[in-house]
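Colleague: I would like to learn how to read salt bridges and helix packing in a model. Could you take me through them?

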Amino acid sequence: MDILFYSDPEFARSVQQIIEFVGTFAFAISGIRHAAAKHFDWFGGFVCGIAVAIGGGTVRDVMLGVTPFWMTTPVYLICTALAQVFVVAFAKYLRPLNNAWFVFDTLGLALFTIAGIQKTLACGHPFWVAIIMGCITGAAGGVIRDVLLNKEPVIFQKEIYAMASIAGGLLYWLLISLHANVGITAIATFLLICIIRFTAVRYHISLPLLKTEDNG
């Protein structure tokens, strides 16, 4: 299935690149902020930033059998470097914003989910594969980041994270099935993922925990 019904393929590629660039910047800031909280140095912060920014997309591209997106242009590394400059330059303004990392992480999740879906469909895979790849693109980088920081990955906690990505993927599939414009579809998907994440955290909505005889 083509990812576009009414849009030009060149426009589709441009939209995907913009989404990936903005998503890279947002995710990199999230990773660097987490590293700063652990008192990493500048290099450690960059490594965490690049891990979360390109990790999910790299896993996706390897599974799709294509060259990882960041190996075709240095822009994504430059994006991460700019994110680090931003965090360092505005550290005193970001410090009081304890939830700033959460906002950037959510933006990155939404943007990379869309990029993952679009790239998978462009490779000719069915939509159910695209939804899974969208989730991997959005969430795998955060798992790599949390492992580097010796933290329990947020995707395995009760906090709704990957499910927001999956819900966004289902909405993307629905709108494309209704022949919606790819731009409108991307915006609607982005908003849904962000709304689910913000609402879940604000009202402490979570999935049921697995229970055994030991934990009741």
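**Salt bridges and a helix pair**

Modeller: In this predicted model, Arg-145 and Asp-146 form a salt bridge, with the closest N and O atoms 3.0 Å apart. Salt bridges with shared partners link Asp-105, Arg-145, Asp-146 and Arg-197 into one network.

Colleague: Is Arg-145 buried or exposed?

Modeller: Arg-145 has 1% relative accessibility, so it counts as buried. Asp-146, at 2%, is therefore buried as well.

Colleague: How many salt bridges are there in the whole structure?

Modeller: The general idea is that side chains of opposite charge can pair when their charged atoms come close. Here a search of the whole structure gives five salt bridges. One of them joins Arg-145 to Asp-105, at 3.1 Å from N to O. Arg-145 belongs to helix H6 and Asp-105 to helix H5 (residues 100-122), so this pair ties together parts 40 residues apart in sequence. Arg-60 also forms a salt bridge, with Asp-61, the closest N and O atoms being 2.8 Å apart; both residues are buried.

Colleague: At what angle do H2 and H6 pack?

Modeller: Two packed helices are described by the angle between their axes and the distance between the axes. For H2 (residues 42-64) and H6 (residues 127-148), the angle is about 140° and the axes are 7 Å apart. The two are therefore oblique to each other, and their crossing is right-handed. Among the contact residues are Gly-55, Gly-56, Gly-57 and Arg-60 of H2, and Gly-141, Gly-142 and Arg-145 of H6. By class, this contact has 11 nonpolar, six polar and two charged residues.

Terms used
Residues are numbered from 1 along each chain as its sequence is written. This is a predicted model: local features need pLDDT of at least 70, side-chain atom pairs count only at pLDDT 80 or more; totals for chains, interfaces and linings use all residues. Side-chain values use heavy atoms; hydrogens and water are left out. Axes are lines fitted to C-alpha atoms, for helices over the stretch in contact, and angles run from 0 to 180 degrees between N-to-C directions. Helices (H or I, at least four residues) and strands (E, at least two) are DSSP runs, numbered from the N terminus. Angles under 35 degrees count as roughly parallel, over 145 as roughly antiparallel, 65 to 115 as roughly perpendicular and the rest as oblique. A crossing is left-handed if the near helix is turned anticlockwise from the far one by less than a right angle, and right-handed if clockwise. Contact means heavy atoms within 4.5 Å. Ala, Val, Leu, Ile, Met, Phe, Trp, Tyr, Cys and Pro count as nonpolar, Asp, Glu, Lys and Arg as charged, and the others, Gly among them, as polar. A salt bridge is a side-chain nitrogen of Lys or Arg within 4 Å of a carboxyl oxygen of Asp or Glu. Buried means under 20% relative accessible area, exposed over 50%, partly exposed in between (1.4 Å probe, protein chains only).
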